[in-house]
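Hi there,

Here is the structure I promised to send over. Have a look at it first, and my notes follow below.

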Amino acid sequence: LTTRSEDITVAPWSTGASLPTANQTTAPDGTVTADRLAETASNAQHYILNAASVTLGTVYTASIFVKKGDGATAPDWVAFGFISAGFGTARASFNMQTGAFGGTTGVTATNAVQFPNGWWRVSVTATATATTGSGGLLLNFTNNANTHSSITTYVGQTTSNVFVWGAQFEVGDFATSYIPTTSAAVVRSADVCSITGGAF
């Protein structure tokens, strides 16, 4: 359901006191399509979000690839989860250095899968608490703290950044294999596994 999965610089992505820059480093798929997201110096909440329509009582999973940034004050901790209009407070804090989740609230499952070159695919699952066109996923800076229950307001640093790529928001209780999107949502085909030969 997330469109523009590899480009946080364009709509429907929205930013709060954050500056996205496209195509700044190598993504997990080997292309230079991962974006840098940096705080601005504003005393504000620092975040990005991508809105989608959700239905009350339906289970959704949000996922994104994240990597610690290259700035002098690049944080270890970020928070990832859902937009409050559709999910209330449903998010988790995540440490990009250790791969560990910190505090969580309102989510029923979390998962992190490590990829080469410092990348993690982080996912969270929750049940929608309202029917709205303003659900979807949210990634926010936390002033490098294990904070998740609210989006922290603080004076940002322009050298505080994170790399992001491959956002996905879908119905279901786990993150399926990544499907890139551009201007429209994509209906996935079923994953099919097969094996040939006699030695199995």
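How many bridges join S6 to S14? There are 8, and the two strands run antiparallel. Strands here are DSSP runs of E with at least two residues, and helices are runs of H or I with at least four, numbered from the N terminus; two strands pair if DSSP finds at least two bridges between them.

Before going further, a word on the source: this is a predicted model, in which local features need pLDDT of at least 70 and side-chain atom pairs count only at pLDDT 80 or more, while totals for chains, interfaces and linings use all residues. Residues are numbered from 1 along each chain as its sequence is written, and side-chain values use heavy atoms, with hydrogens and water left out.

The sheet

S6 and S14 belong to an open sheet of 6 strands, paired antiparallel in the order S2-S3-S14-S6-S11-S10. At its edges are S2 (18-25) and S10 (109-114), each pairing on one side only. From one strand to the next, the twist averages 30° (axes are lines fitted to C-alpha atoms, for helices over the stretch in contact, with angles from 0 to 180 degrees between N-to-C directions).

Of the 11 residues in S14, 10 are buried (under 20% relative accessible area; exposed is over 50%, partly exposed in between, with a 1.4 Å probe and protein chains only). Further out, 5 bridges link S2 to S3 (residues 34-39), and Ser18 stands opposite Glu39 in S3.

Ala38

Ala38 sits in strand S3 and counts as buried because its relative accessibility is 11%. Leaving out neighbours within four places in sequence, its contacts (heavy atoms within 4.5 Å) include Ala17, Ser18, Phe141 and Asn161. Ala17 is 21 residues from Ala38 in sequence, with 8.8 Å between their C-alpha atoms.

Not counting residues up to four places away in sequence, Val66 touches residues including Phe94, Trp120 and Phe163.

Best wishes
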